[in-house]
Structures are given as C-alpha cells and as structure tokens.
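Let us read this structure together, one feature at a time.

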Amino acid sequence: MAERRGDAFQVVRDSAPAETYRGAVVGCGRMGSTIDDEHIDMPNYPWPWAHAPAIIEARGIDLVCASDSDPEKLADFRRRWGTEALYTDYREMVEKERPDIVCLTTRPEPRAEITIGLAEMGVKAIYATKPMCRTLAEADAMIDACAKSGTILSIACHLNWYSYYTKARQLIADGVIGPLKSVVCHSASPLSNIQSHSLALIRMFVGAPAKWVIGIIDSDERAASDDDIPGSGIVVYENGIQTILNARVETIRSGWAIEFIGETGRIISRHAHSQFEIQSPHPVTGAPTRTQIPGPWHPRSSMVDAIEGVCRSIEKGREEICPGEFGREALEIGITIRESHRRGNVRVDLPLEDRSLKMGNP
Ligand SMILES: NC(=O)c1ccc[n+]([C@@H]2O[C@H](COP(=O)([O-])OP(=O)(O)OC[C@H]3O[C@@H](n4cnc5c(N)ncnc54)[C@H](O)[C@@H]3O)[C@@H](O)[C@H]2O)c1
C-alpha cells in the first residue's frame, strides 16, 4: 500500500506539460473571468476557479487572447488580466491569434456552434464548461466534429481533476475498500447543470459507460418541461456497478455528498467536496476504521490542474479524465431520468434513440 512517488522536484517536473501552449477564453463572464469574486473569505475554496486566472496560474499555457460578443465584458477582461488581443468574433480571434487551447465558457446555447467552428478551424484542444450543451444531437455533433479534426474535447467538470478525488481513485485501485460496487450521490441540484459534475465524476470512477436508467422526478408537471430540474434515479453501468442519485436532500449546496462503496469499505465526500473520509478494515486487525483521506501532495485549484491536464492530453493525443463522451453521458443520464419518469418510471436503455431530446437553460 505504501506509495512511492519519488522526490518532490521530480513530481513537479513530471506533472508539467512539455510544451507551452497559446490559451484563449471565449465567453468572458463569470466562469470565464469573474466567478472568484463570489468566493472572497472562503479559505476552503481553492482559487482560481474562473478559466482566465486558472490559465495564468497553470504551467504549460499562456493567456494570449479572448473573445466575447459583449465589448463591455472584453473591457473588464482587459482590466483584470491585462490581455490586449480581444475580439467580439471568436473566428477572427482564431484566425489572427492561432490559439492552441480554447476555454469555452459561454452559456450552453452557443456551445455546440462554437465548438464545431473551433474544431473546423483546427484548434488543438477545447476545454468547454458544463453543461456540455442542451440536446443530445448537439453533443453528438460536437464529439464528431472534434474527432474529425483531431481536436481534444475536454469537458470542464473539473472535480474530475480535483486532487482529493485523484487520491480516492488511487486508494480504490490500491484495494483499500475492495472492488467498487456502487456509488450513492446526494444532491438536490438540477440534473443538467450541477449534476453533470457528479455524473462525469462518477463515470470516471466507474470506468464504464452507463447502460440503463430508472428515474423519478418530484412532479409530472416539472417532468413535462425541458427545464433543468432535479431528479432521483438508478444508473446501471456496463460493468455492473450501480449509481443511486438521491435528490431528496437539503437544497443548500453543502448537502452534496458522494459515497463510493466497495466490497469492504467506503470513501465518502461530504459538504460539497470539502471533507473526505475512508471507512475500511484495519490492514492488520481487520477492525473497522474511520480516517480522513490523506491530503494530496500539493493541494490546489482543480481548475488549474484541469488546464494543465488538457495541455498534457494534447501531448498524449487523447483526453481521458473528462472527454466529450463523459459530458454527453452526463446530459443523457439527466434526460433519461426524466424520460423514465415520463414513461411511468420504467427502465430505459441507453443510448436514447431520440437525439432531439433536450434539457436545461439556454
Ligand atoms: N463550476 C463550474 O464549472 C461552473 C460555475 C459557474 C458557471 N458554469 C457554467 O459556465 C457557463 C457560463 O455561465 P456564466 O455564469 O459564466 O455566464 P455569463 O453570462 O456570466 O457569461 C457568458 C458570457 O458568454 C458571452 N457570449 C455569449 N455568446 C457568445 C459568443 N458567441 N461568443 C463569445 N462570447 C459569447 C456572454 O456575452 C457572456 O459574457 C454556463 O454553462 C454555466 O453552467 C460552470
């Protein structure tokens, strides 16, 4: 179980991208630029979270340009980050500045069109915030366009890069809780927007695509709409692992908790990823133990780790931590929970045939 990582300098060196890439932001609002202003006086909150300052802090990438259709957002972006190459049209930005990696932080409505445009213009990687888009057809088209142009498509469900979850995955691989059997996620959040974080994270832990879903929505009226709504359900994956989503919890953010349950123990993340506990048998006596998860080697913002991860994905030629397929599956599970409810809470197999189904706000 002892973990050999080598000397710290070596870990720092080996985790850095080999090259330095030209980075861009498209969509200079909260997620692209300003969201950290909302988290002043929160010492448990690992800054930076907005994409622009995360690019500035990350190794292997320089922030060279940005685009927003609103000139006032661009002026604010220049004031905050000192970027001079600013464009109201992302296509002109790509033509003139040739960014390698584009952080795509608009709201969902224009995401598919811009992703496809960027892929066709040959950018190396797109790091697109969640939810991936609104319809399954859009998600399919985004994945196809990036596959065709060889563009890495990475979805910014950045918990997938959060070092506590990386540590938890390593503990599971080391056998600390035995083989993973099920995951239970408590969250009252809407399925397409915030629950995409949970579903992409669970997909990474499970290591197999979702196979079928049963869902319950609190009211038929809500289930009849295309709004982003909370929902409970069961998801069964191709390798037999099950996830249970429980939406009947406190509506405050700290109600968010995830339990990874193995054959002999469990790892629990509580209070919106701020507390991590392991319950497992003592390795010698077998007595039940409860401990805090050991801190990561260098705790820092998952957004910075994610952006460095996208740089390394370019070098590897593939995205493994949160590819477009995880973003699409998160959206598809949310839609299928609602679809199951609409059909009388029955089992619905994936993939859904009707790719025009949609969920979420524009
Ligand atoms: N933790 C997270 O991962 C997290 C947190 C907050 C928001 N988000 C996501 O970020 C996305 C954006 O949310 P927000 O709150 O930042 O919205 P916002 O409205 O503050 O920012 C969106 C920006 O995109 C710009 N824009 C729209 N169309 C454009 C185009 N064609 N080209 C360039 N710019 C364009 C708008 O002018 C605006 O400035 C949402 O999908 C949201 O779910 C993610």
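A: Domain bounds here come from an automatic or database domain assignment. This is a predicted model, where local features need pLDDT of at least 70, side-chain atom pairs count only at pLDDT 80 or more, and totals for chains, interfaces and linings use all residues. Residues are numbered from 1 along each chain as its sequence is written.

Q: What are the domains of the protein?

A: They are domain 1 (14-157) and domain 2 (160-298 + 324-349). Their centres, taken over C-alpha atoms, lie 27 Å apart.

Q: How many residues does the contact take from domain 1 and from domain 2?

A: Residues are in contact if their C-beta atoms, placed from the backbone, lie within 7 Å. Domain 1 gives 12 residues and domain 2 gives 16 residues. On the side of domain 1, helix H7 (136-149) and strand S6 (152-155) each give two or more. Helices (H or I, at least four residues) and strands (E, at least two) are DSSP runs, numbered from the N terminus. H7 supplies the largest share, five residues.

Q: How are two packed helices described?

A: By the angle between their axes and the distance between the axes. Axes are lines fitted to C-alpha atoms, for helices over the stretch in contact, and angles run from 0 to 180 degrees between N-to-C directions. Here, helix H9 (residues 195-206) packs on helix H12 (residues 324-342) at about 120°, with axes 9 Å apart. H9 and H12 are therefore oblique. Under 35 degrees is roughly parallel, over 145 roughly antiparallel, 65 to 115 roughly perpendicular, and the rest oblique.

Q: Which residues of H9 and H12 meet?

A: Among them are Leu199 and Met204 in H9, and Phe326 and Ile333 in H12.

Methods
Contact = placed C-beta atoms within 7 Å.
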